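Here is a friendly briefing to read alongside the sequence and the structure.

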Amino acid sequence: MIGTYEVISVVLSALVLLGIKLMSSPKTAVLGNRIGAIAMFAAIIVVLIYNGIIDMPLLWIAILLGGVIGYAIAKRVKMIEMPQMVALLNGLGGGASALVALVEIYEKYPYMTTFSRITSQLALAVGAITLSGSLVAAAKLARKISQKPIILKKHNQISNSILLAVAVFIILALFSNAANSGTFSIVTALLSLTYGVFFAIRVGGADMPITISLLNSLSGLAGAICGFTIGDPLLVAVGAIVGASGLILTQIMCSAMNRSLVDILKGSQLNNSAQAKKSEGKITAVKRNEESPEHKKTPAQLLKEAKKVIIVPGYGMAIAQAQSYVKELYDLLESQGKEVKFAIHPVAGRMPGHMNVLLAEVDVPYEKLCEMDAINPEFAETDVVLVVGACDVINPAANTAEGTPIYGMPVLEVDKAKSVIVCNLDTKPGYSGVDNSLYELPHVHLLLGDASETLKKLIKSIEQEEVTLSSKNNI
Amino acid sequence: MVAGILGYKVIKEVPSLLHTPLMSGTNAISGVTILGSLVSTAFAVSLSSKLLGFIAIVLAAINLIGGFLVTDRMLKMFKS
């Protein structure tokens, strides 16, 4: 039967979808986000009225308390901390779903249909995995725990057995009386929490974007399953939207790295072959740039004479907090009438779109931020590519070095440019552990060290270059 | 299901430029589970359930409000 509530649910879900649709362009995105928010708050009011619980002070206290906390952290968080913030919030959503499922199980188990019993257990498990997985991911991103994958002995066996145990306890809970099912549910929750930790702890730095979008998807899924338990169509619909969105992002990230989701979750392929590569790839990157006059020019001279410059930012820019210097350099080059663009690899940084947010924060116009497929053909006609803290996403070895973890991964083809300036901390391999063959090419200049410092110096020497040039002209 | 498929279509069109706000936006929306927590807390009988439900509402509200505000802040930075 279709009642008023169902109609309202459809309308509100449509609003949420409209909101997301508007988020596909920077011009309408702010509006889109607000429409989504308004739809959500409308949904809360509708649910309160529909269930005749709008006058319960307890509910309002909880909403207010959460709202104030949410407001406080949202206002205070720095853009640089955004990945862990998203992970944290995501975990809370998953946790809330798990708790709802638990309450439902405690209160209504004897009267539940088998379907609700199954869904409530699933919501509990998925919510708990999301909670602990996201918290671990947030801690990793905040560098509270090591960013390296932590892999225990028999990691796979352990986590698979935990998952199996979760399944067993869910089934046990389904076929037992109310009192026992409560206990079993607690066990399920605890096991799921443990699984979440196991799942997230072995994912390392550069695979984080994928993990986060996957967890995002899971939190939506938990909400949707929760909606089935309670029989709330709005919750189901909106949860499904979020689940789907997370899944797509995950898919995009995976294909950008040319790795399957399973590989990343296992974390195995990466480590084995990375070690193999390290031993064979020991050609040091010292002997270079002595032949042609082009190669003798200083980076500042190169930039000064360039007509077209592409800047490639990476996670190193985020660590060194160098985005404001990048912008300064960008302004300087633009003011000299050069064409400057940014090339953003889909998995640069630690979450989808990480670089875009950092550059937007320092007011780089978003039209200048180009996606990989759009910008790759342009490298050949580019005079200077400036790499700021990126390694794996520009490694030409991805096209040639068969058997390495990054083989086949689409990369930014910076080596095709006339000159490349690399402002990285060191020549150590990036997250993938594969030596970057780019560093050995004759037209590549390395400016090693903290990217902020390097850029400061670079900006200064370009400015001096300008002074010397103009003084020469004056004479 | 329908919502999921529609969502899939809509999100496919979002450029990677806006993936972070998209993620934090949908993340905020995943706080929709607050609806469930409101209902089950309101009708919970035992004190422990009420307490759990209360925590659930608080968590979901943080997710919801924090998520939307953060997304708003991020999106405002995208200027041409």
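## The sheet in chain A

Strand 4 of chain A and strand 5 of chain A run parallel and are joined by five bridges. Please keep in mind that this is a predicted model.

**Strand order and pairing**

- The two strands belong to an open sheet of six strands in chain A, ordered 3-2-1-4-5-6 and paired in parallel.
- At the edges sit strand 3 (369-371) and strand 6 (444-446) of chain A, each of which pairs on one side only.
- From one strand to the next, the twist averages 25 degrees.
- Strands of a sheet pair through backbone hydrogen bonds, in either a parallel or an antiparallel way.
- A:Ala343 has A:Cys370 of strand 3 of chain A as its bridge partner.

**How strand 5 is covered**

- Is strand 5 (residues 419-423) of chain A mostly covered or mostly uncovered? This strand is mostly covered, with five of its five residues buried.
- In a regular strand, side chains alternate between the two faces of the sheet.
- On one side of strand 5 of chain A are A:Ser419, A:Ile421 and A:Cys423, and on the other are A:Val420 and A:Val422; all are buried, and both faces are covered.

**Helices on the sheet**

- Helix 15 (residues 323-335) of chain A lies across strand 1 (308-313), strand 2 and strand 4 (384-388) of chain A, and runs at about 170 degrees to strand 1 of chain A.
- Helix 16 (residues 354-361) of chain A packs on the sheet too, where it touches strand 1, strand 2 and strand 3 of chain A. The direction of helix 16 of chain A makes about 145 degrees with that of strand 2 of chain A.

## The nonpolar core

- The largest nonpolar core has 187 residues, and those with the most contacts inside it are A:Val312, A:Val387, A:Val388 and B:Ile57.
- Helix 9 (residues 233-257) of chain A gives the largest share of this core, 17 residues.
- Not counting residues up to four places away in sequence, A:Val312 touches A:Ala343, A:Val385, A:Val387, A:Val388, A:Ala390, A:Ile394, A:Leu412 and A:Val414.

## Helix pairs

**Helix 5 and helix 7 of chain A**

- The axes of helix 5 (residues 114-141) and helix 7 (residues 178-201) of chain A come within 7 Å and cross at roughly 35 degrees, and the crossing is right-handed.
- The contact residues include A:Leu124, A:Ala128 and A:Val136 of helix 5 of chain A and A:Ala189, A:Ser192 and A:Phe199 of helix 7 of chain A.
- By type, the residues of this contact are 14 nonpolar, eight polar and no charged.

**Helix 8 of chain A and helix 3 of chain B**

- Helix 8 (residues 208-230) of chain A packs against helix 3 of chain B at an angle of about 35 degrees, with the axes 9 Å apart. Their crossing is left-handed.
- A:Gly223, A:Cys226, A:Gly227 and A:Ile230 make the contact from helix 8 of chain A, and B:Thr33, B:Gly36, B:Val39 and B:Ser40 from helix 3 of chain B.
- This contact divides into three nonpolar, five polar and no charged residues.

**A:Thr229**

- Leaving aside neighbours within four places in sequence, A:Thr229 is in contact with A:Ala101, A:Glu104, A:Ser116, A:Thr119, A:Ser120 and A:Ala123.
- From A:Thr229 to A:Leu358 there are 129 residues in sequence and 40 Å in space, C-alpha to C-alpha.

## Where the chains meet

- The contact takes 90 residues from chain A and 70 residues from chain B.
- On the chain B side, helix 1 (2-12), helix 2 (19-29), helix 3 (33-43) and helix 4 (47-77) each supply at least two residues.
- Helix 4 of chain B brings the largest share of that side, 26 residues.
- The residues of the chain B side divide into 41 nonpolar, 24 polar and five charged.

Notes: Residues numbered from 1 in each chain as written. Chains lettered and ligands numbered in written order. Predicted model: local features only at pLDDT ≥ 70, side-chain atom pairs only at ≥ 80, totals over all residues. Pairing = 2+ DSSP bridges. Helix = DSSP H or I, 4+ residues; strand = E, 2+ residues; numbered from the N terminus. Axes fitted to C-alpha atoms, helices over the stretch in contact; angles between N-to-C directions. Contact = placed C-beta atoms within 7 Å. Nonpolar A, V, L, I, M, F, W, Y, C, P; charged D, E, K, R; others polar. Core = buried A, V, L, I, M, F, W, Y, C linked by C-beta atoms within 7 Å. Buried ≥ 20, exposed ≤ 12 C-beta atoms within 10 Å, placed from the backbone. Left-handed = near helix turned anticlockwise from the far one by under 90°.
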